[in-house]
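Here are my notes on two spots in this model. Please read them with the coordinates open.

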Amino acid sequence: MKNFFSKTILLFLITIIASCSQNEENVEDSTSLTVITDPVTELKGTTLTFNGRVIGNDVPILSRGFSWSLNANPTKNDLTKVVDGSGYGSFFIDIDDSIEPLQTYHVRAWVSTESGETFYGNDLKFTTKDVLSIKDFRIEGIISTRVVIGSRIEKIDNEIGLLETGYVFSINPTPTLSNFSVSTSNYAFNDTEFTINNLSPNTEYYIRPYVSLTRNNRVIYGEELKFRTVGYVGPSGGYVVFDKGSESDGWRYMEAAPGYFEDVAWGCKNISIPGMSKNIGSGYTNTQRIVNSCNESNYAAKLCSAYDGGGYNNWFLPSSKEMSAVIRSLVDINALTGSYSYWTSNQNDSALDQGVYLYYNQRNDEIIESSRSKSYGFHDAIPVRRYR
């Protein structure tokens, strides 16, 4: 009899335990759901689609969405978008903001239930493509208050629209649009030179190009370069008036002599000298050609070539574009002296008996190019030299 009761009690306990275990398993199934983060699609630069799914046992879902970050396992405290609708099945959302090109992100789908719980999907990593590239950013020339620069845009995503292009600069590294900026106003860099004015002489600047996209005014910055405006004293004791930004052809800087030759002639009136150029970097060769072709004395090119100020012997008469840089740099630091009309090492191509000179018009702050008889003896000559 005792064994019968013992077996009966034991069987009853086993039945209760089995029943409880079955009830607990049902409760867990009824409250569980699974969120899946599916692969990102339509990846075009910074435009893409997040995809997700939710499966489970009819737990009431309040909202669905996606969270993403540069760090793994993002949550709703990171960048987040809520998807319209609720319930189970697939859901997605298009993203065209808060995504930068050439970045690796993590994204997770999520759902929030009516009970206040949030269920996250698997962490998915993806890398955005580039939308455009700012190429060949370079400094073409620096004077005392101005810099000439150039860039070009190479579009990778042709659907990307450009709102504005330009340059940002500051005396501190990593300038942005919150610092000084200038717009090129043509909505694209086309590899032409662009001049930034009104800089301070003898000052170090940081500069980089930028592109503002029509989509959400997103701003993309290019490479940063550092430069220093001229207007400081060079090795010979004269002012540095031009800087190429980097060394090439054995030189980078140009300095003007601390003095000048007053009331001199261009010289060599009846001699035609071929192969002359007005470009930056051509004045030295121009001067040598003039000196080698003319036996006269005390004319502009010969006086500059023979000058030995500061202990240097590599002086020359600047070309037209070089002389323009000389005048502009000296004017902007209030150091231009003389008659305000200066010979260059160029001659008038249509009238070879005339030399080219530049005149600074103080009233309009203009540098004017003109020509006059090579024997005219009332223009000045400023020697310049190059160094690295």
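Contact here means heavy atoms within 4.5 Å. The model is predicted.

1. Start with the surroundings of Arg385. Neighbours within four places in sequence are set aside. Arg385 is then in contact with Pro235, Ser236, Tyr253, Met254, Glu255, Tyr312, Asn314, Trp315 and Phe316.

2. Where does Arg385 sit? Arg385 is found in strand β25, which covers residues 384-387.

3. Is Arg385 buried or exposed? The relative accessible area of Arg385 is 4%. Buried means under 20%, so Arg385 counts as buried.

4. Which side chains make polar contacts with the side chain of Arg385? One is the side chain of Glu255, at 2.5 Å. Another is the side chain of Asn314, at 3.0 Å. Glu255 and Asn314 are also among the residues listed in contact with Arg385.

5. Now the sheet. Three strands form an open sheet, in the order β1-β2-β5. The pairing is antiparallel. The edge strands are β1 (33-44) and β5 (89-95), and each pairs on one side only. From one strand to the next, the twist averages 20 degrees.

6. Look at the pairing of β2 with β5. In general, strands of a sheet pair through backbone hydrogen bonds, either parallel or antiparallel. Strand β2 spans residues 47-56 and is joined to β5 by 7 bridges. The two strands run antiparallel. For a specific pair to inspect, take Val54: its bridge partner in β5 is Gly89.

Methods
Residues are numbered from 1 along each chain as its sequence is written. This is a predicted model: local features need pLDDT of at least 70, side-chain atom pairs count only at pLDDT 80 or more; totals for chains, interfaces and linings use all residues. Side-chain values use heavy atoms; hydrogens and water are left out. Helices (H or I, at least four residues) and strands (E, at least two) are DSSP runs, numbered from the N terminus. Buried means under 20% relative accessible area, exposed over 50%, partly exposed in between (1.4 Å probe, protein chains only). A polar contact is a pair of N or O atoms within 3.5 Å; within protein, one must be able to donate a hydrogen and the other to accept it, and residues adjacent in sequence count only if both atoms are side-chain atoms. Two strands pair if DSSP finds at least two bridges between them. Axes are lines fitted to C-alpha atoms, for helices over the stretch in contact, and angles run from 0 to 180 degrees between N-to-C directions.
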